[in-house]
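I opened this model to look up a few local features and to write down what I found. The entries follow the order in which I looked.

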Amino acid sequence: MNTLDTTHDHHELPFIKKYVFSTDHKMIGIQFLFTTLLMMLLGGALALGVRWQLAWPWQDMPIFGGHFASEGGQISPEFYTMLFTMHATVMIFLVVIPILAGAFGNFLIPLMIGADDMAFPTLNMLSYWFMWPAIAFFGLSFYFGGAAAGWTSYPLLSSMAEAAPGSGTSQTMWLLAVTCVGVSSMMGSVNYMTTIIQMRAPGMTMFRLPMTIWAMFITAILQAFALPVLTAAGFMQLGDRLVGTGFFLAEGATANNAGMASGGGQPLLWQHLFWFYSHPAVYIMILPAMGMVSDIISCFSRKPLFGYKPMVYSISGIAGLGFVVWGHHMFVSGMNPMLGMTFMVSTMMIALPSAIKTFNWLGTLWGGKIQYTTPMLFAISFVSMFIIGGLSGIFMAATPVDIFIHDTYYIVAHFHYVLFC
């Protein structure tokens, strides 16, 4: 009797091609997942350092030795500034965005729309591997002392060597890392949009897509339109630091390179460019989670999602308004009160689509046959935490209130309540 050969060795890919430089969307999603979890350990360690210093200020901390400490083994103010700068940078650019958009987006999009793979598999692979130069540059930033100009990297603090101990080579490495992350995300966003638009299974119209896919689609649009602005701003700040351009340095200021005079620029220009990306980035971080929570609540309530189309429109409304509210990060910059009022009103309007989503989640739960599985418990806790974070943001949008609480721990708490979801 002939034995059928079932080994199919000729179809087996080499280890490097299958597990390292893979073009398979599921493997790339797993690569993103494990890489971001590794980075989360680093970001968590930095957060512990921040909390440690706040709990026991100016106390001896022998784990840091004397390298980053002042006399007596205490954390110096400069090292503390580096801690919260790099903590925020790692968690935002190397953990939250890539784990939601990169890991879950890559793994789920083709499976949930009935496609074989992403539209551009090689570009998909490159979107992952562009993360590693960013990780390397962040590592070099740590080696040179760590960037210490805040995750917002405001000039003149970030552009002048004498302004802050962390604004030398480490700040240049930080800018290069953020630029690489931006290129990675842009590659992914183009891939996601093309895949969702062009490769849906027959009969799957846009209004039959799962909410997870809608959220990923809107997130990809946000990335595609907002990231080029931050990338361009990064190159401009690198120019100020390395070749003496004057985009962000005011008249009479001196750039990082010794003796390289520069001036005529506008420090506030960086804030406009940075926040034009970084406020939509808040929704880049949370919209994929909102989509997944919508599907999880629907699944374990054993009923269709309440108000499917309003949920789609609310995600679109959040994304659209997200592009016109960046100025609420700059209420204390001396902007025209009329312009400030415009940003204030548009910021408050974001509460409307956010409320629609919250009430639709509750409407899905109402009367459902709820199964309290682990995913469902996490989804319900997401809704609870989002309500706390969202309510704290409504009156924070008011200019008179924000002027007093700007850059306080109240703002930090609001941001973390939303992202902790």
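In which helix does leucine 352 lie? I found leucine 352 in helix α11 (residues 351-365), where helices are DSSP runs of H or I with at least four residues, strands are runs of E with at least two, and both are numbered from the N terminus.

Before going on, I noted that this is a predicted model, in which local features need pLDDT of at least 70 and side-chain atom pairs count only at pLDDT 80 or more, while totals for chains, interfaces and linings use all residues. Residues are numbered from 1 along each chain as its sequence is written, and side-chain values use heavy atoms, with hydrogens and water left out.

**Overall make-up.** I counted 14 helices and zero strands in the protein chain. Of its 421 residues, 50% are buried, where buried means under 20% relative accessible area, exposed over 50% and partly exposed in between, with a 1.4 Å probe and protein chains only.

**Surface patch.** I then returned to leucine 352, which counts as exposed because its relative accessibility is 56%. Leucine 352 forms a nonpolar patch on the surface with Met338, Met341, Val345 and Met349, and together they have about 480 Å² of accessible area. The areas come from the Shrake-Rupley method with a 1.4 Å probe, and for residues only the protein chains shown count as cover. Helix α10 (residues 337-349) gives the most to this patch, with four residues.

Leaving aside neighbours within four places in sequence, I found tryptophan 361 in contact (heavy atoms within 4.5 Å) with residues including Met290, Ile297, Phe382 and Phe386.

**Threonine 36.** Is threonine 36 buried or exposed? Threonine 36 counts as buried because its relative accessible area is 1%, and I located it in helix α2 (residues 25-55). Apart from neighbours within four places in sequence, threonine 36 is in contact with Leu94, Val95, Pro98 and Ile99.

Definitions and conventions:
Patch = residues over 30% accessible without salt bridge, like charges linked within 9 Å, V, L, I, M, F, W, Y side chains within 5 Å. Salt bridge = Lys/Arg side-chain N within 4 Å of Asp/Glu carboxyl O.
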